[in-house]
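Dear colleague,

Please find below the structure that I am handing over to you. My findings follow directly after it.

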Amino acid sequence: MTEEPPGPGPLDALTDVPGIRVGHAAVPGELALSGTTVVLAPEGGAVAAVDVRGGGPGTRETDALDPRNLVQRIDAVVLTGGSAYGLDAAAGVMAWLEERGRGVRVGPDPSQVVPVVPAACLFDLGRGGDWRARPDASTGRAAVEAAAASGSGAPVPEGTVGAGTGAVAGQIKGGVGTASVRLPSGTTVAALAVVNAAGSVVDPRTGVLYGEYGAGEPPAHPAPSVHEAARRRLAGLAHRGGAAGNPADSGSAPGGGTHGAPGNGVLNTTIAVVATDAVLTRAQAQKLAGTAHDGLARAVRPVHLLTDGDTVFALSTGRLPLPAEPVPALNDILAAGADALARAVVKAARAARGADGPGGVFPSYSELYGTP
């Protein structure tokens, strides 16, 4: 009897990992286009790690996740817009956790805790028209409250939500996407990505999303006439300076600069969380965060540029022990993390809604190519 091949979990989402919850919040205001997403770990926290490969990262508490350092488990990860200003959102999450006695115990009283809340930000300043409309502590609190209220195993809203509210991928609208892989062993590996890349998520030759190649079945190729119309629309927007492209990119292909080169001319960043219910050490979790970047490299081209701050967090909730000979099982988990993250990028692009306002015109992939 042959093993069932890996497939998505019931929700095809990060919340297929039992105990993981996700909440989103947007910055209010007509000229605001930014927000925050919080990944909330189960009670007792999760083993965590991080791998930063972009040249312009904005992060908080990532040094605490180094396997050589003291902190063993964390309770939440914050993904936020607002560039470095948006890292203030983590303070709201930290306060919410403290009120519930969740964090590193530092005194004799159970309430004497210091929550460690790693965070990473993306650049979306001014995308709604107001440069100062960015997440703060209240946005972080709203996002963690939404996560807590969602319940275990709840679906995760995708697209133009949370930290993906103002995200842009090349010349098209970015956003939040999530995917999961259920391995034959019963282990779940899942990813959530906030796609805000300087590079392109779209193959300029065909209009196919890069992450769809090698996804297990042939990607749906848009009709040549549809692809040409999309290319012309984006080239016109870039020429007028109305989209997330340089005017010099007037001959650019869909989704980025010429032949997929970066077209934004500003800082970006794709930030993500990969989680599993397998028992991992902190070093193993760090390896998972690192290999998950391979999923970004499949789905975004080019990636890890000086104008990106690409950051991947990894979480292990520790529900399922590894076998006595763990290497094959670990390899499956590492491979699944990259697969899930690549699909999460695709789902983010497909779920995003276009934006047209004082901060620019950012058409969505579905507007340009339709839905499959």
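In the protein chain, 76% of the contacts with a separation of 6 or more are between residues 24 or more positions apart, a contact meaning heavy atoms within 4.5 Å. Please note that this is a predicted model, in which local features need pLDDT of at least 70 and side-chain atom pairs count only at pLDDT 80 or more, while totals for chains, interfaces and linings use all residues. Residues are numbered from 1 along each chain as its sequence is written, and side-chain values use heavy atoms, with hydrogens and water left out.

The protein chain contains six helices and 16 strands; these are DSSP runs numbered from the N terminus, helices being H or I of at least four residues and strands E of at least two. Its radius of gyration, taken over C-alpha atoms, is 20 Å, close to the 21 Å that the globule rule gives for 372 residues, so the chain is as compact as a globular protein of that length. That rule is 2.2 Å times the number of residues to the power 0.38.

The axes of α4 (residues 282-299) and α5 (residues 327-351) come within 7 Å and cross at roughly 40 degrees. Axes are lines fitted to C-alpha atoms, for helices over the stretch in contact, and angles run from 0 to 180 degrees between N-to-C directions. The two helices are therefore oblique to each other, since angles under 35 degrees count as roughly parallel, over 145 as roughly antiparallel, 65 to 115 as roughly perpendicular and the rest as oblique. Residues in contact include Leu288 and Ala292 of α4, and Leu334 and Ala338 of α5.

Two residues other than glycine have a positive phi. Glutamate 61, with phi near 60 degrees, is in the loop between β4 (59-60) and β5 (76-80) and is partly exposed at 34% relative accessibility. Threonine 269, with phi near 135 degrees, lies in the loop between α3 (224-240) and β13 (271-278) and is buried at 1%.

Finally, the peptide bond from arginine 301 to proline 302 is cis, with omega near -10 degrees; proline 302 is in the loop between α4 and β14 (311-320).

Yours sincerely

Key:
Buried means under 20% relative accessible area, exposed over 50%, partly exposed in between (1.4 Å probe, protein chains only).
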